[in-house]
Amino acid sequence: MVRGLILLLVLCLAFSCKEEPKAKVVSKTISFTKEGELQVYRNSSDSLICNFDIEIADNEYETQTGLMHRASMEKDRGMLFIFPDERIHSFYMKNTQIPLDILYLTSSMKVASIKENAEPYNETSISSGVPVQYVLEINAGLSQELGIEVGDSIAFRKTAP
């Protein structure tokens, strides 16, 4: 009886260890698709600081994916996340290859807080700290280089597809 169980176990292992050829994983390059234009204005003077061409993330899939799996982003581009309500939002850099500055914006489109130089692949939660409705991701270092500060404002418009 014990011999029969051992033989059955050996046969099961032999057939279950059959090696299947592994499927090759092909990563798809995600390219920028301009969906809008965004301007940043200085709070103290209402003067234009800069312009960005933007992609817009306004549904669950797009807000979850964001700029993941992108190898680079042009300096004059960014991604604007639009949420249905103003509340504290958190982001992380899972599967994000490029360092980013994350600008958290109120429902009145004022910069409420800035997280500079968010590290690629870091899964630590980055909170807005205050209720916000919009989030703008741009290349790391740009907010400092351009002098963008808390209190500055944005305006954007969607472009036709």
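In this predicted model, the protein has an accessible surface of about 10200 Å². Carbon and sulfur atoms account for 54% of that surface. The protein consists of 161 residues, of which 35% count as buried.

Three helices and nine strands make up the secondary structure of the protein. Their order along the sequence follows the pattern α-β-β-α-β-β-β-β-β-β-α-β. Among contacts between residues at least 6 apart in sequence, 70% join residues at least 24 apart.

The largest nonpolar core contains 19 residues. Within this core, L38, V40, F52, L80, L136 and I148 touch the most other members. The strands listed in the table each give two or more residues to the core.

| Element | Residue range |
|---|---|
| β1 | residues 36-41 |
| β2 | residues 48-57 |
| β3 | residues 77-87 |
| β5 | residues 100-105 |
| β8 | residues 132-139 |

The largest share of this core comes from β2, which supplies five residues.

One core member, L136, can be followed through its contacts. Leaving aside residues up to four places away in sequence, L136 touches L38, I54, M79 and L80, together with D101, I102, L103 and L105. Of these partners, L38 and L80 are also among the core residues that touch the most other members.

Key. Residues are numbered from 1 along each chain as its sequence is written. This is a predicted model: local features need pLDDT of at least 70, side-chain atom pairs count only at pLDDT 80 or more; totals for chains, interfaces and linings use all residues. Side-chain values use heavy atoms; hydrogens and water are left out. A nonpolar core is a set of buried Ala, Val, Leu, Ile, Met, Phe, Trp, Tyr and Cys residues joined through side-chain atoms within 4.5 Å. Buried means under 20% relative accessible area, exposed over 50%, partly exposed in between (1.4 Å probe, protein chains only). Helices (H or I, at least four residues) and strands (E, at least two) are DSSP runs, numbered from the N terminus. Contact means heavy atoms within 4.5 Å. Accessible areas come from the Shrake-Rupley method with a 1.4 Å probe; for residues, only the protein chains shown count as cover.
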